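Morning, everyone. Please bring the structure up on the screen, and we will walk through it together.

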Amino acid sequence: MTDAIIVTEGLQRRFGALVAVADISFSVERGEIFGVLGPNGAGKSTLIRMLCGILDPSGGRGQVVGHDIEREPEAIKRRIGYMTQRFSLYEDLSVEENLRFYAGVYGLSGRKRKQRVEELLESSGLAPRRRQLAGTLSGGWKQRVALTCAIVHDPPLIFLDEPTAGVDPVSRRSFWNRIHELSARGTTVLVTTHYMDEAERCHRLAFISAGRLLDVGTPEQIVARRDLHVAELEVDDGLAAEAALTAHPAVDEVSHFGRVLRLACVGIDAEMLAAEVLEEAGVAIRSSRPGRPTVEDAFVSIAKRDNDPALAKRGAA
Amino acid sequence: MSLSRLLAIAVKELLQLRRDRLTLGMMVVLPMMQLLLFGYAIDTDVRHMQTAVFDQDRSAASRDLVQRMVATGFYDVVGHVHGYAQTRRALRSGEASVALVIPANYEAHLRAGEPNQVQLVVDGSDPQTVSSALNTASGLVASLSGEQTRVALARCGVQGPAAIELVPSTWYNPELRTSVFIVPGLVGVILTMTMVMLTSMAIARERERGTLEQLVVSPVKPVELVLGKIAPFVVLGVVQMSLILGLGHAIFYVPMRGNLGSLYLMALLFISANLALGLFFSTIAKTQQQAMQMSFFFLLPNILLSGFMFPFAAMPRPAQILGEALPLTHFLRIVRGIALKGATMADLGREVVSLAAILAVLVMLASLRFSKKLA
């Protein structure tokens, strides 16, 4: 273990009979952009709430910025930033007033606060809109203000819970550039997302499903571990081809991209499999080329095999 | 506790309040409207009751009786009726609320010194009219009888016993103006309404908007959040109170006989109790709408059971016990005591202690629920 800013061991949280987080152990290195992926209700938000020190774990231990999450939540709160998809801004306050408020909440006052707010207005490009009420901003701008509010006290670690939900692609892109800037300056970022293109921008990823940690690693590692093979096909009868391919046990996913049929399978060459299966089904292949397996393919594969115990063994092999 | 964090929250709250013109306007206009409404419209003294006269005697004596009744100012003769059928009609149609029935032979019986009866029919569908009508009339008739007795005795050359005269002396509000009683009470009612509603809604709004969650992950402590949020409302409450008392003094001549400083001190205690209650509501309500509904629901027993409009002494025991649990009940006694009677804190010791006890319980309840709910 080198320089971990988050360490958990067997972290658990139950709500009555429901197990929201079951036995999660992982660590995040300082300066990393760490993505947490998982379907809705997988326990991502519960995990984040425990790491922020606002929810006590039912079992296991965790350390965040060097403090125990159960015993020293206040010390943690001072040194982390937090942003959710709800962009918790005061809509009836201006951009600048929101920043000043959060700066005050984190204990900055007087000249120091003024200086910090000015600095942030400049660096985040919010200066021209400083007097605009937050409620009148578009989604992308709100997101920018929310992120700026979350880093107003220059925390070494920030938690972003689905920070790009419902924001346009251009804003998402500039948001991620800002995340990488922060990371380059040493800030650690833990982010949850449903967007796979965003997952690929993370240094490392964790897959969570039904409260369990299924895999951790760099995007490349996660994809490589699945032993996925992808083919991009153009066929005569797309629907017949899809039906025939989906029935094959080695096939993870068949999806349509315009005229192209994308086939992902585990442990076997996708083009060869397609040729065999489609010949048998009587569907002609017009063209075929190999594709690159993505994090999305890995995500679908993991989620699928996790739900089906018979397939689980093969996926892990 | 950090003063700068508390201040940041208070400043934010003030900024939001300033932007919310509607609420702010309501906080100022509402007390003024209620003041005028309650001050002018509510008058529990029933005067000028419409009276129908069924005079079967038509004598000098019967006319004298009617004259004397009109002279009290409580009865306005709206017409003469003939027969009980007409009397009934006059009362049923609402043309008259009181009917005076004078029997034939009224004067003859009076002269002869025989027992004499005069009937007063009163519309009992409004009980307040009844007591006013009956009290005035029986007083009048009693003194008339006494007078007749003395006249009769004098005629026989006997000096009758001097009548016992009751000399009423009404302190504090000699003209018995209802507004003098109502306006100080209004201070309490309006503070109850606005303080409970504003605090419960202010927290519910943060929960609805998701900003409460943002504050929970920040180093802000519940006590800083609570104090920071309610501080601006305390100021607002004091402004409202000054507005009502000032206007009440200017328009309705409501006196301020006691120490204004101790009244404000007590008002702070009362405002705090209401804010604590609003806070407690906010831990139960999930939305602003629920918070508002709860506040209104709470207001009704306050108006009915506190002694604001209906005399506390007339309420049945269980209602009184319930009333004693309301902060408003005690504050009403305090504000009326100080403003109208010039009472000191020592005079009002029992009320002050009760109010403080209620405050302590509410603060405990609110902070217990509040910190639990935050986590």
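What share of the contacts in chain A with a separation of 6 or more comes from residues 24 or more positions apart? The figure is 69%. Keep in mind that this is a predicted model.

Let me stay with chain A for a moment. It has 12 helices and 14 strands. Its C-alpha atoms fill a box of roughly 75 × 45 × 35 Å along the principal axes. There are 317 residues, and 53% of them count as buried. The accessible surface is about 14100 Å². Carbon and sulfur atoms hold 49% of that surface.

Now charges. Chain A carries 40 positive and 44 negative ones. Their mean positions sit 9 Å apart.

On to salt bridges. Side chains of opposite charge can pair when their charged atoms come close. Over all chains, the count is 34. I will show three.

Start with A:Arg178 and A:Glu181. Their side chains form a salt bridge, at 3.4 Å from N to O. Both residues are in helix H6, residues 169-184 of chain A. They are three residues apart, so about one helical turn separates them. Buried or exposed, where does A:Arg178 fall? It is buried, because its relative accessibility is 10%. A:Glu181 has 41%, so it counts as partly exposed.

Next, A:Asp215 and A:Arg226. This salt bridge is 3.1 Å, N to O. A:Asp215 lies in strand E10, residues 212-217 of chain A. A:Arg226 is in the loop between helix H8 (219-225) and strand E11 (228-235). So the pair ties together parts that are 11 residues apart in sequence. A:Asp215 and A:Arg226 are both buried.

Over to chain B. Which residue forms a salt bridge with B:Glu13? The partner is B:Lys229, with the closest N and O atoms 3.1 Å apart. This pair links distant parts of the chain, 216 residues apart. B:Glu13 is in helix H1, residues 3-19, and B:Lys229 is in helix H9, residues 222-252. B:Glu13 counts as buried, at 2% relative accessibility. B:Lys229 is buried too, with a relative accessible area of 2%. The pair also belongs to a network. Salt bridges with shared partners join B:Lys12, B:Glu13, B:Arg205, B:Glu206 and B:Lys229.

Last stop, the surface of chain B. B:Val28, B:Val29, B:Met32 and B:Met33 make a nonpolar patch there. Together they have about 320 Å² of accessible area. B:Met33 is in helix H2, residues 21-41 of chain B. Its relative accessibility is 49%, so B:Met33 counts as partly exposed.

That is my tour. Over to you.

How values were computed. Residues numbered from 1 in each chain as written. Chains lettered and ligands numbered in written order. Predicted model: local features only at pLDDT ≥ 70, side-chain atom pairs only at ≥ 80, totals over all residues. Heavy atoms only, no water. Helix = DSSP H or I, 4+ residues; strand = E, 2+ residues; numbered from the N terminus. Buried < 20%, exposed > 50% of the residue type's maximum accessible area, 1.4 Å probe, protein only. Contact = heavy atoms within 4.5 Å. Areas by Shrake-Rupley, 256 points an atom, 1.4 Å probe, with all protein chains shown as cover. Lys, Arg positive; Asp, Glu negative; His and termini not counted. Charge placed at Lys NZ, Arg CZ, Asp CG, Glu CD. Patch = residues over 30% accessible without salt bridge, like charges linked within 9 Å, V, L, I, M, F, W, Y side chains within 5 Å. Salt bridge = Lys/Arg side-chain N within 4 Å of Asp/Glu carboxyl O.
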